[in-house]
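Keep the sequence beside the structure as you read.

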Amino acid sequence: MAKPIPADFDLRHLSRDVKPEDSYFEKTLNNFSKGNGKDLVLGTISGWITGVGVIKVGKTAAVGLGGSILLLHFATELGYLCVNWEKVREAMSYSQELMDAVLRFVRKNSCFSVGFVGGFFFGVGST
């Protein structure tokens with residue numbers, strides 16, 4: 001049979017006592033970010049995996065993206081589409097903010113970034 005909840009146990013404060021767990025990605029980065037050697041190894045491995053993935057998927061993605069750009073251009077020229085340039089400007093401002101965030105990350109984690117670039121080129125060259 002189930003036991004009753006004790007009278008001194010207050011469920012309203014339970015959510016304040018529980019500390020949210022870090023995600024697996026954050027735990028991994030926190031473990032590796034303690035030393036420059038670990039940053040270099042992590043950057044190299046992730047760069048190599050990214051480089052191999054780019055080569056494997058890149059040709060198909062390039063054909064699909066290039067073909068869709070051509071179709072959109074022809075549809076615009078024939079008058080089927082009208083471009084909302086204000087939304088394009090908004091999207092460009094968001095991409096500029098994203099690029100600034102990436103540059104801040106690269107400046108803060110230079111050892112990881114150097115390893116990533118080297119691993120990326122190694123991954124591209126190894127396939």
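**Cysteines and the overall fold**

Cys82 counts as exposed, at 77% relative accessibility. Exposed means over 50% relative accessible area, buried means under 20%, and partly exposed lies in between (1.4 Å probe, protein chains only). Cys111 is partly exposed, with a relative accessible area of 22%. The disulfide count comes to zero, a disulfide being a pair of cysteine sulfur atoms within 2.5 Å.

This is a predicted model: local features need pLDDT of at least 70, side-chain atom pairs count only at pLDDT 80 or more, and totals for chains, interfaces and linings use all residues. Residues are numbered from 1 along each chain as its sequence is written, and side-chain values use heavy atoms, with hydrogens and water left out.

Now the chain as a whole. It has five helices and zero strands. Helices (H or I, at least four residues) and strands (E, at least two) are DSSP runs, numbered from the N terminus. From that terminus on, the order of elements is α-α-α-α-α. Of the 127 residues, 9% count as buried. The accessible surface of the chain is about 11,000 Å², and carbon and sulfur atoms hold 68% of it. Such areas come from the Shrake-Rupley method with a 1.4 Å probe; for residues, only the protein chains shown count as cover. Contacts (heavy atoms within 4.5 Å) can be sorted by separation in sequence. Among those between residues at least 6 apart, 71% join residues at least 24 apart.

**Along helix H4**

Look next for charge pairs. Side chains of opposite charge can pair when their charged atoms come close. How many salt bridges does a search of the whole structure find? It finds one. The term means a side-chain nitrogen of Lys or Arg within 4 Å of a carboxyl oxygen of Asp or Glu. Here the side chains of Glu86 and Arg89 meet, at 3.5 Å from N to O. Glu86 and Arg89 are separated by about one helical turn, because they are three residues apart in helix H4. Glu86 is partly exposed, with a relative accessible area of 46%. Arg89 is exposed, at 55%.

Helix H4 spans residues 85-108 and also holds Phe105. Phe105 belongs to a nonpolar surface patch of about 640 Å². Patches are made of residues with over 30% relative accessible area and no salt bridge: like charges are joined within 9 Å, nonpolar side chains (Val, Leu, Ile, Met, Phe, Trp, Tyr) within 5 Å.

**The aromatic pairs**

A pair of aromatic rings is described by the distance of the centres and the angle of the planes. Rings of Phe, Tyr and Trp (its six-membered ring) pair if their centres lie within 6.5 Å; planes under 30 degrees apart count as stacked, over 60 as edge-to-face and the rest as tilted. By this rule there are three aromatic pairs. One of them joins Phe105 and Phe112 edge-to-face, at 5.9 Å centre to centre with 80° between the planes. Phe105 is partly exposed, with a relative accessible area of 40%. Phe112 is buried, at 16%.

Phe116 and Phe120 form a stacked pair, 6.5 Å centre to centre with 20° between the planes. Why are these two about one helical turn apart? Phe116 and Phe120 lie four residues apart in helix H5 (residues 110-126), so about one helical turn separates them. Phe116 is partly exposed, with a relative accessible area of 28%. Phe120 is partly exposed too, at 23%. Together with Phe121, Phe116 and Phe120 form one aromatic cluster.

Finish at Phe116. Leaving aside residues up to four places away in sequence, Phe116 touches Gly43, Thr44, Ser46, Gly47 and Thr50. Phe116 and Thr44 are 72 residues apart along the chain, yet their C-alpha atoms are separated by 4.7 Å.
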